[in-house]
Amino acid sequence: MTQLTENYQTTLTAWIKESKETAKKLEKDFKEDEANLEKIKLNVYDIFLKMFNLSLKKTESKDAFKSMYLKFHKTIPKNWHVARDKAREKESIDFYIEDLKIKTANKIESFFLSEWDTHEQS
Amino acid sequence: MNNLKLFKVLSDKSRLLILNSLLEESMVVERLASRLGLAISTVSFHLKKLEDSGLVTSKKDQYYKQYSVNREILDQTLSDLVTLDENPLMKDRDEAYRQKVIATFFSDGVCDQLPVQKKKRIIVLEEIAKAFESKKQYTENEVDKILKPYHHDHCTLRRDLVDYGFLSRNNGVYKKII
């Protein structure tokens, strides 16, 4: 668990830092909307990093931790899926925002699962 | 179309770059993305904003959507674009102010006191200038005859009408300036 925790926290913190810097650069380059999209990604990284730490704190076994953390990956994006479907129907610009949130959450989940397979399955 | 929305949409470098590309020729999202080095989803996001503002139109071409610039909007001049729909509202407010000034300084068609404030004075003079016919020439006596019922100091009125550009004076002949 130590290696997984360290890798997850280091990577998510690095992604947050990278997104912050990218958003700043985009703002300076008069790309306000792209900067905002980057901030949305940053926010999703931040949410799941917090949920990861919360799961660590609240559980005592490896399996309970995994189950609690992955549950957040089901519950949190649920509303995003609903909002994306509605936006798609209305052909609204919000579709791209909700889609970005979902894709970012999927990226984090895939990273977590690959880290789990590498460090906890063996 | 909302011009403010249009300016907001235009104030983004990536969207200007997309428009620059589309000014060359119609393109699909994938081509724009590879040209600009942006993700397809980012270009789609920008195209949606451009389409909503009316700057870009799209046409389905088999499986792809072909995007083009809307010349009708893009060929407008800057003065067309800075004209807001709220102009009639401002005109209404100006007219209400004008009526208020006229009601204050005129009593039964007579102006007892000329306003000191320039803005109000112009409104009063403009109202009095309506008594003159356009294109018609007046002698000084004729001008005074028209002005006397409005105000006791008709000489000041006459001078003001010339100074503020309501009447022209040439060799003692007065004419209304339209």
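In this predicted model, Val82(B) sits in the loop that joins helix H6 (78-81) to helix H7 (87-105) of chain B. Val82(B) is exposed, because its relative accessible area is 52% and the cut-off for exposed is over 50%. Together with Phe7(B) and Leu78(B), Val82(B) makes a nonpolar surface patch of about 290 Å².

Elsewhere in chain B, helix H2 (residues 13-24) and helix H3 (residues 29-36) have axes that come within 11 Å and cross at roughly 120°. H2(B) and H3(B) are therefore oblique to each other, and their crossing is right-handed. Chain B also holds a network of salt bridges that links Glu95(B), Arg98(B), Glu126(B), Glu127(B) and Lys130(B).

Chain A has four helices and zero strands, in the order α-α-α-α along the sequence. Of its 122 residues, 42% are buried.

Over all chains, the structure contains 24 salt bridges.

| Salt bridge | Closest N and O atoms |
|---|---|
| Lys31(A) with Asp29(A) | 3.3 Å |
| Arg88(A) with Asp85(A) | 3.4 Å |
| Lys101(A) with Glu98(A) | 3.4 Å |

Lys31(A) is buried, with a relative accessible area of 14%, whereas Asp29(A) is partly exposed at 25% relative accessibility.

Arg88(A) and Asp85(A) are about one helical turn apart because three residues separate them in helix H3 (residues 62-90) of chain A. Arg88(A) is partly exposed at 47% relative accessibility, and Asp85(A) is partly exposed at 38%.

Lys101(A) and Glu98(A) are three residues apart, about one turn, in helix H4 (residues 94-119) of chain A. Both Lys101(A) and Glu98(A) are buried.

Notes
Residues numbered from 1 in each chain as written. Chains lettered and ligands numbered in written order. Predicted model: local features only at pLDDT ≥ 70, side-chain atom pairs only at ≥ 80, totals over all residues. Heavy atoms only, no water. Patch = residues over 30% accessible without salt bridge, like charges linked within 9 Å, V, L, I, M, F, W, Y side chains within 5 Å. Areas by Shrake-Rupley, 256 points an atom, 1.4 Å probe, with all protein chains shown as cover. Salt bridge = Lys/Arg side-chain N within 4 Å of Asp/Glu carboxyl O. Helix = DSSP H or I, 4+ residues; strand = E, 2+ residues; numbered from the N terminus. Buried < 20%, exposed > 50% of the residue type's maximum accessible area, 1.4 Å probe, protein only. Axes fitted to C-alpha atoms, helices over the stretch in contact; angles between N-to-C directions. Parallel < 35°, antiparallel > 145°, perpendicular 65-115°, else oblique. Left-handed = near helix turned anticlockwise from the far one by under 90°.
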